[in-house]
Amino acid sequence: MSIHERVTALYEAERHNIYSYVLYFGVPPGRAQELTQDTFLKLYLTMSKGEAIENPRAWLYKVAHNCALRFHQREHTFDGLGPGVDPADRLPDPEHAAMEHQRRAVLLAAIRELSPQQRNCLHLRVAGLRYREIAEVIGISTSAVGEFLRRATVRLKGVLDGY
Amino acid sequence: MDTKHLAGAGSLHLSDEELARFEDGEIAEQDARHIEACEQCGGRLRDMQASYAAYRLHWDTLCAPLFPPPPQPWQPLDCLIEGPQPPHPLRSFRWGPFPALAGAVLAIIIAALVLYNPGQGASARATQLLTASAKLPSSRHGLISVRVHGRTLVRPAVMASETAPADDSDIVRLQAAFARASYDWREPLSARVFQSWRSRLPKKRDSVTVIRTADEKESYRVRTETDSGVLRTASLTLRSPDLHPIAGDFDFESEGTVEMAEAVPGENAPERASPLPRPSPVAPLTETPAGPEVTLHVLAALNQIGADVGEPVEIAQDSRRQRVVVHAAGISRERRQQIADVLKPLPQVMLEFDARESAVPLARTTPQERYSASIPAPLRQQFEERFGGAPRFQEATDRMLETGSSAAAQAHALETLARDFSPAVEESLASPDRELLHRLRDNHVSELQNLVSRIETDLEPLLPALPKGPPSAADGASARSWQASATPIVDLARKTDDALNRLLAGSYAQSSADDMLRALATQIAQLDAAIRVERQAGR
C-alpha cells in the first residue's frame, strides 16, 4: 500500500475522532476542522519524507494535541470540556431519568474536577491509545501517564460507587 | 491504588501501569496469570475499566452530541496535498498538418477537461477517461506482448474466442485467471473491457496519474484496486492525446503481476500473419536493464535543483527493471517542469506525476511551527530573557524547528544514498560514476554540517557550552565504509530533530527541562563529531 493510500485510509477513518479531540480543547469548529486537515497533511508530508512512523494514529493525536495547544496559546483561553454550558442541562427529558440525570451530573462534576492532564490521559485511553502512546502524545513519561490515570480512576470510582 | 508505590518493589501485586499494560497485551504471561488469579489485582482492573466506561458514556452521551459537525465538507486528501487550485487554462495542442479524427478530438477534449478539473475525484476521472477511450475503434489486427513469470509472449490484441485451445501452460493458467476475475481475456487491453470489470466491483479505489517519458511523450494511467475477487489491481495506460490503450498491468492474487503492452510490428515483436491464439516466446521489447548508474544520474540531476531532499519525490525501478521511475505527488506545475527538464537528457527514465497539480509551493502548505503553550511559563520566561525578548525567541524557535526538520530530511537523503549504493554496488560503478556518488554524499554531509552549525548557533543562549574538541575516530568510524557510517549520523539527526520538537513545541514539566537541554546538547555534540569524522575521512 502506498503512502498516499495509507494516509487516505487513515483520513477517512480517523478525521472525526481527531476533529472531536481538537474540539475537546475548546477550539472553534471552523479552526478545529482546519487543524484536523492540517494534521493529516503533516502526516502525509512527514511520511513522504521517508520518516518512519510506528503508529500513525498516535502520531495524529500528538500533532493534533500540539496544534490545539498552540491555537490556545495564540488565540484565546479554552475550557477543555466545551463551550461553557453544562451538558447535563441539555439532557432531553431529565424528569424521566432523574436518577440518571443526577448520576451524570455528579460524574460530570467529578470529571471537571480532574486536572487537564488527568482528563486528557483518560480521554486518550478511552479513544483506544496504548499506555506508551498516550505518553508520546502528551510528551510525558509512561509512569506519569500511570499516575494521572490512577488519580482519575480513583476519583471516578468514588463517584460511581455512590450510585 | 498503585500497590507497588505503597508496598514497595517487593509487593506481590501489580502496579496500575502493569494493569494497563495487561489491557494493551504488553505484559508477561506470568503477570497475566497473576491478574486472573489475584482478587485484588482483578478488582483494581475492573475498577479501571468501569472508570473508562463511565468516561466513555459521559463523552458519548453528553459531550459529543454538543459538538457541532464540521462546518465545511471534508476536503479530499488530494486537495489538501495540492493546495488551492487556480483555474488552469487548457493546454494548446499543436495540430499536425492532417485533420484529426473526430473521435480523437473528442478524446483530447475529454482528457483535458477530466485532468484539469480540480473538483473531480479520481473515480470520476477514471470513468471519463475509460469511457472516452472505449469509444475509439479497436485495432483487430494488432498484437500485444504478455509478460508473465519472467517470459514474454505475443498474442493477438483481439481474439475471436475466449476459450481457444492453448498449448502453453502459462497461457492456460492466465486464461483461467482472467475468467475467474470476470475480465474478458479476448481483448484485455481495451478500455471497454477494463471498464466492464471495474464497474462490477463492489468496492474499489481508483487513481489516475500522468506519465511522461524522457522524450516528452505523455500518457494517462488509470489504476483500480479492489479487495474482492482474484484480480486485485489492474491498470490501463492510455496514450495522450488520443487515449488509445497501449499497456496494462494485472496483479492477480495467485499469478502475480501480468504485464501487457502493445507490440509494434516491425520493431521488436514479430508480426504475425495469422491471428492464432497460440503464443510464441519472443525477446522482451527492451532487454537493457536500468542499472544503478541510472538511479545515480537521476539523483544527481535532482540534486542540482534540490529536489532530492525533503520533497515527495520517489525513485524506484519498474517491475521489468528496464526503467527508473520518478514519481512525484503534490508539487507545483513549475516544480514539475523543473524536474522534467533536468531529467530529460537521461535515458531509461520515466516520470510519473499525479494527475492534478498544485500552484502552491509545497513548503507553504505546511503551517509554521510555533513553540508550545505547554512550555512551563517560568521556563518560557527564562528562554525569552536569554534570547532578548519574546519576539526573538519566537523567531529563533521557528528557525530551529525548520532547521531541525531540514537536517532530518538531509539525513534521510544520505540514508537513501547509502542504502541504494552499498559497497558492492559502488564497486560495480564506473570510475566517473563512483566520483559522482562521492560528490553527492559529500554534498549531503556538508549541508548537514551547515544545518547542525545553524542549530548550534541558534541554541547558544539555551545550551551549556558544547564540547568542540577534535573529532575522534576512536570508535572506528573512519575504518567503516561511508555507508555504514551514515547510519549513526542519520539516527542522531533524527533524534536531534525530535528533541528540538519536544523542547520547543512539546509539553513537559519544568523539572525535566534541564535534562532535556543536556540530552539535546549531547546529541548535537555527537552529531557534530560524527559529521566531522566523516568529512575528515574524505571518502
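## Chain B at a glance

Among contacts in chain B between residues at least 6 apart in sequence, 67% link residues at least 24 apart. Please keep in mind as you read that this is a predicted model. Chain B contains 17 helices and 11 strands. Its length is 539 residues, and 35% of them count as buried.

Helix α7 of chain B covers residues 122-134, and helix α9 of chain B covers residues 191-199. The two pack at an angle of about 140 degrees, and their axes are 8 Å apart. Because of that angle, α7(B) is oblique to α9(B); the limit for roughly antiparallel is over 145 degrees. The crossing of α7(B) past α9(B) is left-handed.

Which residues meet here? On the side of α7(B) they are L130(B), T131(B), S133(B) and A134(B). Their partners in α9(B) are A191(B), R192(B), F194(B) and Q195(B). Sorted by class, the contact between α7(B) and α9(B) has 4 nonpolar, 3 polar and 1 charged residues.

## A pair of strands

Next come two strands of chain B, β9 (residues 313-317) and β10, which run antiparallel and are joined by 5 bridges. Within this pairing, I315(B) stands opposite V326(B) of β10(B).

Strand β10 of chain B spans residues 324-328 and has two faces. V324(B), V326(B) and A328(B) make up the covered face, while V325(B) and H327(B) lie on the uncovered one. That puts V326(B), the residue facing I315(B), on the covered face of β10(B).

## Two loop residues with positive phi

Now look at two loops of chain B. S182(B) sits in the loop between α8 (169-180) and α9 of chain B, and its phi is near 55 degrees, a positive value in a residue other than glycine. Is S182(B) buried or partly exposed? S182(B) counts as partly exposed because it has 13 C-beta neighbours inside 10 Å.

The other residue is L243(B), in the loop between β5 (231-239) and β6 (244-252) of chain B. The phi of L243(B) is near 65 degrees, again a positive value in a residue other than glycine. L243(B) has 26 other C-beta atoms within 10 Å, so L243(B) is buried.

## A contact across the sequence

Helix α12 of chain B, residues 377-387, holds R386(B). With 13 other C-beta atoms within 10 Å, R386(B) is partly exposed.

What does R386(B) touch, leaving aside neighbours within four places in sequence? Its contacts are P461(B) and L462(B). Along the chain, R386(B) and L462(B) are 76 residues apart, yet their C-alpha atoms are separated by 7.1 Å.

## A mostly covered helix in chain A

To finish, turn to helix α6 of chain A, residues 131-138. This helix is mostly covered, with 6 of its 8 residues buried. The buried ones are Y131(A), E133(A), I134(A), A135(A), V137(A) and I138(A). Just after α6(A) comes G139(A), which takes a positive phi of about 80 degrees.

Definitions and conventions. Residues numbered from 1 in each chain as written. Chains lettered and ligands numbered in written order. Predicted model: local features only at pLDDT ≥ 70, side-chain atom pairs only at ≥ 80, totals over all residues. Axes fitted to C-alpha atoms, helices over the stretch in contact; angles between N-to-C directions. Helix = DSSP H or I, 4+ residues; strand = E, 2+ residues; numbered from the N terminus. Parallel < 35°, antiparallel > 145°, perpendicular 65-115°, else oblique. Left-handed = near helix turned anticlockwise from the far one by under 90°. Contact = placed C-beta atoms within 7 Å. Nonpolar A, V, L, I, M, F, W, Y, C, P; charged D, E, K, R; others polar. Buried ≥ 20, exposed ≤ 12 C-beta atoms within 10 Å, placed from the backbone. Pairing = 2+ DSSP bridges.
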